[in-house]
Amino acid sequence: MLERGLRSSTVAIVLVAVGVLSWAGGRWWVAGGHAPMRVGWLAGVLLLGMGLVVVATGRRMWRMRRGRGHVEPLVAARIPGLAPGQRTHHGAVIAGLDLGQALALLPDVGFAGRGELAVKWAVGALGAPALVAAGLLVQSWCRLDDDDDEDPTSSSRLS
């Protein structure tokens, strides 16, 4: 991953790009006479739950950085790799997909129950940014401070 972690601008670019592609695909699909894709109410709730799990997992690092607990080295290595990076990417893609589908259904809200379906997509689109925010928050908790012990001019190569 990146040296300083995932940036919010990268997340925003992914969200917008996937949203535009999802909107265009959704409009094309519906314009072709097909029924729109279905989604349930549970999608947004599950995304919120995933965000809570990410924060609960990363909280161990937050406590350790403040001297209130200990984290095993293997766990400390896995938390930044699994929690923030992957979940932030997933949240941005899902938010873009859900938002694009909700916007694609807006022109047809009065036709064949598509208004309710657009609301379901919008609920999913609200849960995904919570997952993105949780990932970015935990990523900030997992950052290492610069070591004052090391001399930046010294070389660490083996001769």
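In helix α1, the buried residues include V11, G19, S22, G26 and V30. The model shown in these views is predicted.

**View 1. Helix α1 from end to end.** This helix has 24 residues. From its first C-alpha to its last, α1 reaches 34 Å. That is close to the 34 Å expected at 1.5 Å a residue. After α1 comes G33. The phi angle of G33 is positive, near 90°.

**View 2. S22, a buried residue of α1.** S22 sits in helix α1, which covers residues 8-31. Is S22 buried or exposed? Its relative accessibility is 7%, so S22 counts as buried, the cut-off being under 20%. Which residues does S22 touch, leaving out those up to four places away in sequence? They are G96, L97, G100 and Q101.

View 3. Five residues are shown here: W23, L99, L103, L106 and V109. Together they make a nonpolar surface patch of about 440 Å². W23 is the member to find in helix α1. At 42% relative accessibility, W23 counts as partly exposed.

**View 4. The aromatic pair, W28 and W29.** How many aromatic pairs does a search of the whole structure find? The search finds one. The ring centres of W28 and W29 lie 6.2 Å apart, and the ring planes meet at 55°, so the pair is tilted. Two values are needed here: a pair of aromatic rings is described by the distance of the centres and the angle of the planes. Now look at how open each residue is. W28 has 63% relative accessibility and counts as exposed. W29 has 35% and counts as partly exposed.

**View 5. The salt bridge, K120 with E116.** A search of the whole structure finds one salt bridge. It joins the side chains of K120 and E116, at 3.7 Å from N to O. Side chains of opposite charge can pair when their charged atoms come close. Where do the two residues sit? Both lie in helix α4, which runs over residues 114-141. They are four residues apart, so about one helical turn separates them. How accessible is each partner? K120 has a relative accessible area of 17%, so K120 is buried. E116 has 47% relative accessibility and counts as partly exposed.

**View 6. L47, a buried residue of α2.** L47 has its place in helix α2, residues 42-65. With 6% relative accessibility, L47 counts as buried. Which residues are in contact with L47, leaving aside neighbours within four places in sequence? The list is I94, D98, G124, G127, A128 and L131. Now trace L47 to A125. The two are 78 residues apart along the chain. Their C-alpha atoms are separated by 9.3 Å.

**View 7. The whole chain, for orientation.** How many helices and strands does the chain have? There are four helices and zero strands. Along the sequence the pattern reads α-α-α-α. The chain has 159 residues, and buried residues make up 32% of them. Take the contacts with a separation of 6 or more: 82% of these join residues 24 or more positions apart. The accessible surface of the chain comes to about 10,300 Å². Carbon and sulfur atoms account for 63% of that surface.

Notes
Residues numbered from 1 in each chain as written. Predicted model: local features only at pLDDT ≥ 70, side-chain atom pairs only at ≥ 80, totals over all residues. Heavy atoms only, no water. Phe/Tyr/Trp six-rings, centres within 6.5 Å; stacked < 30°, edge-to-face > 60°. Buried < 20%, exposed > 50% of the residue type's maximum accessible area, 1.4 Å probe, protein only. Contact = heavy atoms within 4.5 Å. Patch = residues over 30% accessible without salt bridge, like charges linked within 9 Å, V, L, I, M, F, W, Y side chains within 5 Å. Areas by Shrake-Rupley, 256 points an atom, 1.4 Å probe, with all protein chains shown as cover. Salt bridge = Lys/Arg side-chain N within 4 Å of Asp/Glu carboxyl O. Expected span 1.5 Å × (residues − 1).
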